[in-house]
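Have the viewer open while you read.

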Amino acid sequence: MIDELSNPDIPVPDELKASVTITTLDKIYNWSRRSSIWPMVFGLACCAIEMICTAASRFDISRFGMEVFRATPRQSDLMIVSGTVTKKMVPQIVRLYNQMPEPRYVIAMGACASGGGPFKEGYNVVAGIDKYVPVDVYVPGCPPTPQALLHGLIKLQEKIDSQSLRDVRWYKSETNEPVPVPVLGPDLMDPRQYQLIKQRALQAAAQAEA
Amino acid sequence: MSATAPTVAALPANLAEHFPAGVVADTRKGYEGYVVGAAQLLQVAGAIRDKLGYNYLSSVTGVDYPESNQIEVVYHAYKTSGGPGLNFKVQADRNDPVVPSLVGLYPGAEFQEREIFDMYGVRFDGHPDLRRILMWDGFAGYPLRKDWKEPFFEEDLKPFASRWPGGDVRRSEELDPFGANVQYPPEFDPYEWTPETETAIYKLIQPKAGNGNGGHLKTDKLIVNIGPQHPSTHGVFRMVVVLDGETVVDLKPVMGYLHRNHEKIGERNTFLQNMPYTDRLDYLASMSNNHAYALSVERLMGVKVPERAEYLRVLMVELTRICSHMWAIGFLLNDLGAFQTPALYAIKERELILDLFEATAGSRMMCNYMRFGGVSRDLPAALRDENTMDFLRDLVNNRLSYAIDELDRFLTNSEILRSRCIGVGVLPAEKAIAYSAAGPLLRASGVNYDLRRADPYSIYDRFDFNVCTRPNGDVYDRYLVRIDEMRESVRICQQVVAGMPTGGEILAGKPQYNVRVPAGESYGRVENPKGELGFYVVSTGKTNPWRYHVRAPSFVNLTLLGEVCKGHKIADVVVILGSIDIVLGEVDR
C-alpha cells in the first residue's frame, strides 16, 4: 500500500512529490476499513477459546488492527461465529446480526459454525450459521488454530480490498431487509418457511390417516 | 488401588433388611446397588443419607429400557469422608413415569432432575420448579428416549452403512424436506400457533413492589436478563435477575444455549467414537475428560493400563489442571473489571503446555489422547527445538512455579481484589455438600474432599500431594484454593517427570477401533479442574453404549448459583459466577 501511494501511475510534478500522493478513493476507503475491523465480543463454544488465544499475546490480533473487541453489535464490523450454533441460540445470533450496522462481515469459525461439525446430527444443532446469515469467510478446523483464524481474517481483508464504493450494497438506494428472526416452536421455525411447514404438516397428517 | 478397581461398594448388608418391602438388590448381570420402589424412595434415601452417611449425591440420571417398558432413574451417592459409593435406582412406568423428587433431601438434585424431565419426561413429585432445562419450553418430544428420532436420523448405530463399507455419503440436508435439521408434529400450523413465551420463568420470580431505603420510599423491583450473549457469562449462559436497586433479590440461571446433544449422539456412537466428543465437554480440560471416560469404560472391560501410560495420563491431566486454573483466575480478574491484562499474563504459560499437547496428541485443545487401556501416542522426541524431557523438566521445575508465584505476587494481596472478593458469595460447608458442589468450590468451603485422595484412581496413591482447602467459602478462598492446587499439581508433575519409566508399552493389547464392551453399568469419576466429572455408562455387551451420561461438574455447581448470589450487588453476581468457573460446553453438553 505504501509503495503504491509513493509511486502512483499518474505523474506528479517533482516539487509536489513530498506532499502529494494520488490514489483512488476505493483504495483509501478499503485500506482504512481493512485495517480497523472491530470484531464483536461474541463467543459460543470451544472455538471462542482459540479466538481469545488469537487475541492474546502470542498471536496478537492487533497486528491487523482488529484488537478492539466491542461488546455491542452497534459498534462492531465483524461477527466471528465461534462455535456450535444451537437452535436455542440462533434467534439471538440473527438478532445480533440485524443490529450490526453496515458494512458488516461474518466469519464462520470452525466446523460447527460452517456446517454443524461433529454435532450436525444433534436435535438442537443448526447445521451451519449460513442457513440464516450470509457468511463471508469460512475457517475450517475443530477448533481452528489461531494461525488458521488469522488466515481467515487476512482472507477477509482481501475481500474488503476487492470491494468498490460504486457497487457495495450499503450505498445502494434500496434498503436492506433484516434477516427474519427464527422462532422457537415445537422445533426451530424459519418465518420464511411457514407456508412449507404448514403444507408438510398437513401432508404428514394425511399420510398417517392413510 | 488400580484404575480398574470398582468404585462402588459391595452391598451394605442391612439396607435390604431395613426395607424388606421396598428394596431389592440389583441382580442384573454387571449391575450394582439396589432397586428401590418409588413409594419407598424418600424413606430409603433419607436412611441412606442420615443412617449410612452417604451425604453427597453425586449423580442422578435416567436410562430408557423400552423392552421392559420402564425408565430407570439412577442415583449415585457418596460419603464426603471418602470411600466407595452407593448406587440405587427407581423404576418408573414408561408411559407415565412419576418418581418422588429428592430435592428436599439432596438439593443438588434439582437441576439434574429437571434434566431427566427434559430428556425423558419423568415427572418428579414435589420438585419445586419442574421445567425444561436444556431445551426450550414447548419443544416437541423427549429426545433421549430411545424411540425419539431427530430429523437428521440416519441409522440406530454407527458406523452407518452409508459411510462404511459402501461410502456413499449424501448430505443430510438433501434427505430432509426443509433442508434443515427440523421436524414438526402432524397437522401443525405455524399461523395458528401461539408461542409458549417465557412467562413461566418470569412468573416464578415475579417481583413484588417493596419498600426500599429503610421502608420510607416505595420502590419497584426490576427484572434484568444477563445473557445469553454477554461478555461476563463465560459463554452462552443467561441469568434472570430480580433487582431491588442494585441488590439481587432472586436469580434463576437459564441454560441450554450450547446444548449439543452429546448424550444422544454418544449413544449412537461406538465406545471409542465418544472419546473425541468428551474433549468438547469441558474444552479447557480435554485431557481429564478423556481420563474419566476411559476409566469408566475400562472398569467394564477390566483392562490393566501399562505403567508408562499411567504416568503419561497423570502428567497430562495435571498440566490440564494448571491450564484450566490459570484460565479461571485470569478471567475471574476479567470479571472483576481488570479487563484483559491479567488474563494475558495468566494464559501465557498455557501456550507452552498446549505446545506439548499439540506435539504429543496432535491438537492444541481437542487432544483425543486416551484410549481404553492406555494412551494413543508416546511423547515426541523433541519439542520446540528441545529434547522433550528437557523441555518438560524446565516446564515443571522452573517455568510453571515461576508463573504461579507471579500471579500470587500480583494478585493475592491486591487491595482491590481483596475488597471485592472477601466475604462475597459465601457458601457454608453443609450447604456446599447438600447442593453437591464439587471441586474448588467445595474445598474452598472447608470440605476436604478430593477424589484423588477420597476415592483414588489411576496411580494418584503413589504421589505426595496435599488436598487444598480453605475455611471461608467466599470468592477469595476459591481463588486461593486454585492457586494452591496449581502448586500441588506442579509437585505431582515433578514427581511424574522424575519417576516416569522410560520406554515400555503405552497401550494394553493391540489398538482396536471397535471394542465390544461386556454388559453392565459403570460410573467412573475423576477430579476434574472444575470438580467431580463422572461418566455413567451402560453397556449391553455390544459395540455401542446403551447409555452414556455425563455428570458435569459445571452443571451441578450452578444449582447453587441463585442461592449464593442473593443479597449481593449485581456486579458481584458476575464475580461469583467467575469464581464458580463454569464452561458452557459442559453445562449444556
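1. A word on terms before the numbers: a pocket here is an open set of points on a 1 Å grid over the protein atoms alone, with protein on both sides within 12 Å along at least five of seven lines. Bear in mind that this is a predicted model.

2. How much space lies in the largest pocket? About 860 Å³. It is lined by 37 residues, and the closest to its centre are A:Val41, A:Ile52, B:Pro231, B:Phe331 and B:Asn334.

3. Take α3(A) to begin with. Its axis and that of helix α6 (residues 146-161) of chain A come within 9 Å and cross at roughly 75 degrees, so α3(A) and α6(A) are roughly perpendicular. On the α3(A) side, A:Glu50, A:Met51, A:Cys53 and A:Thr54 meet A:Pro146, A:Leu149 and A:Leu150 of α6(A). By class, that contact has 5 nonpolar, 1 polar and 1 charged residues.

4. Now for α9 of chain B (residues 307-335). It packs against helix α17 (residues 475-499) of chain B at an angle of about 155 degrees, the axes being 9 Å apart. Angles over 145 degrees count as roughly antiparallel, so that is how α9(B) runs relative to α17(B). The crossing of α9(B) past α17(B) is left-handed, and the contact residues comprise 18 nonpolar, 3 polar and 4 charged.

Terms used:
Residues numbered from 1 in each chain as written. Chains lettered and ligands numbered in written order. Predicted model: local features only at pLDDT ≥ 70, side-chain atom pairs only at ≥ 80, totals over all residues. Heavy atoms only, no water. Axes fitted to C-alpha atoms, helices over the stretch in contact; angles between N-to-C directions. Helix = DSSP H or I, 4+ residues; strand = E, 2+ residues; numbered from the N terminus. Parallel < 35°, antiparallel > 145°, perpendicular 65-115°, else oblique. Left-handed = near helix turned anticlockwise from the far one by under 90°. Nonpolar A, V, L, I, M, F, W, Y, C, P; charged D, E, K, R; others polar. 1 Å grid on protein atoms, 1.4 Å probe; cavity = no way out; pocket = protein on both sides within 12 Å on 5 of 7 lines; lining within 4 Å. Points joined across faces, edges and corners; volume = space filled by probe spheres on them. Contact = heavy atoms within 4.5 Å.
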